[in-house]
Amino acid sequence: MKWQQRALNVLRPALTMLVIGLSLMEALSWLATRHWAFELLTHFHVYFLLAGAALALVALSLRQGWTAGLSSLVAAASFSVVWPHIHLPPTDLQPQSGPMVRLIWANLHHLNTDLVALRRLIETEKPDIVVLTELDPIHDAVLREVARLLPFQSPPPRANVFGVMLLATKPPESLKFDLTMGDYAPLMVARLCPVESGCLTLLSLHAWPPLPPWTGARDRQLVHAASVARQHVDAGERVVLVGDLNLTPFSPVFDRLIAQSGLWDTNILPAERPRATPSIATWRLANTGIGLPIDHALVSAGIGIVSRRVGPDIGSDHHPLILDLKIAP
């Protein structure tokens, strides 16, 4: 029994220190608007929630009441952040009639793409619109092969990791790359009519990461994208914004984007083909099991959601987003 007591004498203080560390990270995440490093912590609220709940159970089993209470408080605080982004809230958005439009967003991660999987994805899903980022010359062969399905292809961005490329079954009525935020921060703005009964304005960007030397640049990009989206929404257009935004919905920056743009997060909108739970991770860190939802699709009123899916592994560290939409006339 002495060895058990010795083990408990080590485990209990170690558990206490672990919970204190977790609590500190949770507390600092609530200061997200004060510093970019604190904002990074907001992206891990799901993990803080799971860790807090698990550590609370361990602490209870070891009869460490205050440690269990502190850990439970961490779990509760993170739950309050996560819950609004994982349940389906009531909205005033109405289901739409008419033909379906399929849109795919994919971050290809340069040379890491599984070219066979990428080609299979496009040939299987037969999308009307595809937007790609992190392209490389190795993708050119696949782009040529799928041209029979997607004959319109904007020039692939070269030497710009944050550039985007549009592929579509029909040429856009208009297409421009807004360089207000700089040559390496393009915002794609396209007017598309993929079906006769409806048109949409498609915005897309690959935001900069919120790390030095880009600290603050991502936020300015998103403020600009929200402003452009709002202009089109106020003009009565049907608007879709897709992209790798390099932030999760748990960040206050995401809440600001939603509020300023007038758009809705498709991850929590009701769909004609409902899913049991919203999708969580679109980006995964190697083989760690850690994943974050940093690829997003936002829509305005007049866009109905048939389905929203996270696509298969295509060799990238990102999974594609596959959206089936209906556009109001």
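**Cysteines, cores and cavities**

Tutor: Let's start with Cys-193, which is buried, since its relative accessible area is 17% and the cut-off for buried is under 20%. Keep in mind that this is a predicted model.

Student: OK. Which residue does Cys-193 form a disulfide with?
Tutor: Cys-193 pairs with Cys-199, and their sulfur atoms sit 1.9 Å apart.

Student: And is Cys-199 buried or partly exposed?
Tutor: Cys-199 counts as partly exposed, because its relative accessibility is 23%.

Student: What's the handedness of the link between Cys-193 and Cys-199?
Tutor: That link is right-handed, with 100° about the S-S bond.

Student: Switching to packing. Which residues have the most contacts inside the largest nonpolar core?
Tutor: That core has 27 residues, and the ones with the most contacts inside it are Ile-129, Val-131, Leu-166, Leu-192, Leu-202, Val-240 and Val-242. There's also a second, separate core of 19 residues, which includes Val-189, Leu-203, Ala-226 and Val-253.

Student: Take Val-242, then. What does Val-242 touch, not counting residues up to four places away in sequence?
Tutor: Quite a list: Leu-103, Trp-105, Val-131, Leu-202, Leu-203, Ser-204, Leu-205, His-296, Ala-297 and Leu-323. Two of those names, Val-131 and Leu-202, also turned up among the residues with the most contacts inside the largest core.

Student: How does the lining of the largest pocket split by class?
Tutor: The lining has 14 nonpolar, six polar and three charged residues.

Student: And how many cavities of 30 Å³ or more are there?
Tutor: Two. The second largest cavity holds about 30 Å³ of space.

Student: Which residues line the second largest cavity?
Tutor: Met-181, Ala-185, Pro-186, Leu-187, Leu-205, Gln-221, His-224 and Ala-225. Helix 7 (residues 217-234) gives the largest share of that lining, with three residues.

Student: What about classes for that second largest cavity?
Tutor: Its lining has six nonpolar and two polar residues, with no charged ones.

Student: Met-181 is in that lining. Where does Met-181 lie in the fold?
Tutor: In the loop between strand 5 (174-178) and strand 6 (187-195). Met-181 counts as partly exposed because its relative accessibility is 26%.

Student: What is Met-181 in contact with, leaving aside neighbours within four places in sequence?
Tutor: Trp-208, Arg-220, Gln-221 and His-224. Gln-221 and His-224 also line the second largest cavity, along with Met-181. For Met-181 and Gln-221, the C-alpha to C-alpha distance is 6.5 Å, though they are 40 residues apart in sequence.

Student: Last one: where is Phe-177 found?
Tutor: In strand 5. Phe-177 counts as partly exposed because its relative accessibility is 31%. Beyond its neighbours within four places in sequence, Phe-177 is in contact with Ser-154, Val-164, Pro-186, Leu-187 and Met-188. Pro-186 and Leu-187 are among the residues lining the second largest cavity.

Technical notes: Residues numbered from 1 in each chain as written. Predicted model: local features only at pLDDT ≥ 70, side-chain atom pairs only at ≥ 80, totals over all residues. Heavy atoms only, no water. Helix = DSSP H or I, 4+ residues; strand = E, 2+ residues; numbered from the N terminus. Buried < 20%, exposed > 50% of the residue type's maximum accessible area, 1.4 Å probe, protein only. Contact = heavy atoms within 4.5 Å. Disulfide = S-S within 2.5 Å. Core = buried A, V, L, I, M, F, W, Y, C linked by side-chain atoms within 4.5 Å. Nonpolar A, V, L, I, M, F, W, Y, C, P; charged D, E, K, R; others polar. 1 Å grid on protein atoms, 1.4 Å probe; cavity = no way out; pocket = protein on both sides within 12 Å on 5 of 7 lines; lining within 4 Å. Points joined across faces, edges and corners; volume = space filled by probe spheres on them.
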